[in-house]
Amino acid sequence: MLASGLLDRLTGYVPFLFQGALVTLSLSTGAILIGFALGSLFLAVSEKYGQEGVRLTPMQNVAGFFVSVYVSFFRGTPLLVQLLMLFYLPAAFNINVPPFPAAIVAMGLNSAAFQCEILRAGLSAVSPGQLEAADAFGIPKKFIFRFIQLPQITRAVWPAVVSEAIDVLKSSAVVSVIAVTELTRTGRQIVAGNYRPLEVYISMGCIYLLMTGAIFLIGTWAGNRLTHRSNASSQIVQGLPGRLS
Amino acid sequence: MNQSVIIPMVSVRNVGKRFGAMQALADINLDVAAGEVVSLIGPSGSGKTTLLRCMNFLEAYDEGEVSIRGALLGYRNTANGTRERESERGIAEVRARVAMVFQQFNLWPHMTSLANVMAPLTLAKGMKPEQARQIANAALDRVGMSDKADSLPAKLSGGQQQRVGIARALAVSPEVLLLDEPTSALDPELVEEVLEVIQSLSGDGMTMVMVTHEMSFAAEVSDRIVFMEKGRIVTVGTPQDIIYQPVHPRLKSFLQPWIRRSLDGKAIGMESPSPRFNDQIIKEYNNVD
Amino acid sequence: MDASLFVKFLPAFGLAALHTMELSMLALAGGLLLGFAMNAMRETGPRWLKPVYWFYTGVWRGVPFLVHLFISYFGLTAIGLTLDPFEAATLALVLYGGAYFSEIFRACWQSIPVGQVEAASAMGLSRRQIFTRIQAPQALRMSVPLIANQTIILVKESSIASIITYPELTFTTTKIVSETYVYIEPYLMLALSYWLLTLTISRVGRAVNRALSP
């Protein structure tokens with residue numbers, strides 16, 4: 001009796017939950033991509049900052065300082081606070097920020113700080129001696145990056161990247177406070193209608209589990225494919241489809 | 001035109017280098033002729049590795065000139081008589097003629113031996129893969145590593161990795177081979193296989209400049225040996241003058257730790273993981289003290 | 001920008017910060033105990049309890065904290081348990097933190113070379129003795145930086161308790177903003193408060209790490 005009632009209710013609102021989940025996924029995907037683009041950019045300009053015995057141009061010093069402050073701030077304050085600031089502060093200047101873009105931008109800016117540091121750690125996965133040898137043999141910088149650094153960095157950072165993707169997805173729940181109808185907000189709306197918080201929120205939780213689990217499984221599988229032992233070697237040995245020089 | 005001057009393969013003229021306040025090299029003058037094997041020996045901090053690395057511009061020297069077969073390395077003479085730093089491409093062009101073997105091997109760990117040897121050919125010289133593969137296989141064969149062509153460095157012993165490193169250097173057909181303490185990072189029992197490869201290369205007429213602590217090997221294989229201390233060349237000579245019957249007092253004290261003596265103080269050989277190279281030492285040193 | 005406002009809001013922020021820290025520190029203490037117990041159970045307990053560990057750490061880390069909070073505050077009423085914002089937030093954050101601390105302890109315990117455990121076992125030490133005398137001292141020392149990092153994460157997550165009206169920093173700020181229509185100074189103070197808190201925790205963590213290093 002109770003069970004059939006439950007099934008009826010679930011079939012009633014679970015589709016709406018899945019719609020919310022789609023919004024969650026699109027928010028997260030956008031945020032991860034923004035985070036990766038910005039994070040790599042930040043790393044590129046601050047690569048040498050903070051290393052010992054390296055002389056930097058004034059531009060490099062400024063950029064490096066900016067990145068370190070940015071990273072410290074975005075990792076040291078909650079996403080909710082960053083989101084509220086991004087959404088409400090412009091109102092003081094009479095600018096209205098639409099919720100969905102505000103959410104993606106806040107999540108993206110946040111993720112950029114984390115991805116910058118993840119990639120930075122990956123850089124040191126390549127020992128300097130290897131880079132020196134590549135230099136000594138006259139291999140151009142673009143090929144050093146593509147064939148020597150990139151494969152090793154990818155292998156080193158991949159688990160952390162998958163982990164960050166999962167974190168981004170989980171953090172998306174917080175944007176429900178600025179009226180973005182992702183999964184959590186949809187759940188709240190349903191509860192406001194049927195007064196069954198335990199049932200709805202547990203269902204919601206299961207859907208989140210499905211999503212984070214899927215990211216983990218797909219991420220791990222993709223990682224294994226990407227970093228397959230023979231990749232870098234076969235590119236050199238058999239030659240790429242295109243020309244190398 | 002009568003070309004009576006033979007251009008040396010490597011020419012070092014009045015070279016100096018500073019690291020901050022420290023003078024790492026001063027007044028270095030050295031010529032290496034084609035086919036010659038020159039060893040650089042000396043205590044740590046003597047500048048021998050720095051000098052070697054100036055020869056392929058891994059270190060930028062501050063004063064003087066380094067030329068590879070007459071081509072100035074690292075700098076370009078400007079119109080108004082001064083000089084400026086050469087472009088990356090210009091440096092790469094000269095570096096294409098000089099290959100280096102590293103103390104820590106510096107193989108690329110995610111690539112097989114074959115890929116490691118082929119990479120400079122395809123990526124730096126723009127060679128087609130088929131041609132590069134042929135050359136690479138020949139080079140691996142030369143050092144006796146053909147059967148490990150598809151192995152990753154992690155699966156190889158130190159001596160095997162270094163031999164792949166030597167193959168990688170040979171594959172680019174260098175005019176000069178620079179060796180930076182090629183056996184220092186190896187376990188003693190693996191040193192011999194690498195020394196044998198190096199010796200056979202010298203037999204082929206390869207011009208080599210080698211920094212090493214293997215005194216008896218240096219004596220066996222070198223045409224000349226350079227003894228350095230505190231950034232300067234102290235003395236240069238044949239193995240006879242430098243190792244077997246050292247005359248220079250600082251040289252004698254430098255070599256002491258390498259001399260193995262019997263209980264009654266008679267010199268009976270030199271420290272070396274490779275007993276083969278001891279015979280000459282035993283013969284020579286007992287004539288000395 | 002009006003600097004006098006910083007002074008005006010300071011008392012409210014001070015109280016709010018105390019609430020944030022209260023929640024965070026309870027979550028830290030409770031989570032550490034829970035995490036330690038779960039890991040100990042995994043290491044030394046019966047085989048059939050292991051799935052419990054994996055279920056707990058998997059589910060509690062795979063779902064956003066906000067969902068845990070809603071279940072704690074709104075959901076539990078369905079089974080007769082009504083908690084006020086503080087109780088609900090604390091319960092949810094302790095369980096959430098506990099899952100992460102369990103994994104931290106697991107990682108540290110498992111990074112102790114197997115050889116040491118084998119040697120101890122061969123010498124006749126019991127599972128419990130190995131746990132407390134061989135693994136714990138090394139693993140606990142190793143875990144300090146990870147625990148410091150997780151504490152920072154917990155402090156940041158505590159901001160989410162504002163959504164169920166627990167009067168910590170974020171809730172207090174939104175309240176001030178809605179009452180005074182002043183935006184810039186409160187939000188600035190909010191961001192700086194968290195930043196200061198997290199930087200301090202980093203410092204403390206590094207100091208503890210240094211103190212424990214031989």
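**An enclosed strand and an interface**

A: In this predicted model, strand S3 (residues 37-41) of chain B is largely enclosed by the rest of the structure, because 5 of its 5 residues are buried. The burial holds for both faces of the strand: B:Val37, B:Ser39 and B:Ile41 point one way from S3(B), while B:Val38 and B:Leu40 point the other way, and all are buried. Strand S10 (residues 207-211) of chain B runs parallel to S3(B) and is joined to it by 4 bridges, with B:Val37 standing opposite B:Met208 of S10(B). Strand S11 (residues 224-229) of chain B also pairs with S3(B) in the parallel sense, over 4 bridges, and here B:Leu40 has B:Val226 of S11(B) as its bridge partner.

Turning to the interface, chain A contributes 32 residues and chain C 34 residues to their contact. Between them the two chains bury about 2,700 Å², of which 80% lies on carbon and sulfur atoms. On the side of chain A, the residues that lose the most area to chain C are A:Lys170, A:Leu198 and A:Tyr201, together 20% of what that side buries. Across this interface of chain A and chain C the rule finds 0 salt bridges, whereas 7 residue pairs are in polar contact, both residues at pLDDT 80 or more. Helices H2 (58-76), H3 (79-92), H7 (183-194) and H8 (197-226) of chain A are the elements that each give two or more residues to the side touching chain C, and H8(A) supplies the largest share, 9 residues. By class, that side of chain A has 22 nonpolar, 7 polar and 3 charged residues.

Note on methods
Residues numbered from 1 in each chain as written. Chains lettered and ligands numbered in written order. Predicted model: local features only at pLDDT ≥ 70, side-chain atom pairs only at ≥ 80, totals over all residues. Heavy atoms only, no water. Contact = heavy atoms within 4.5 Å. Buried area = accessible area lost by both parts, 1.4 Å probe. Salt bridge = Lys/Arg side-chain N within 4 Å of Asp/Glu carboxyl O. Polar contact = N/O pair within 3.5 Å; in protein donor to acceptor, adjacent residues only side chain to side chain. Nonpolar A, V, L, I, M, F, W, Y, C, P; charged D, E, K, R; others polar. Buried < 20%, exposed > 50% of the residue type's maximum accessible area, 1.4 Å probe, protein only. Pairing = 2+ DSSP bridges.
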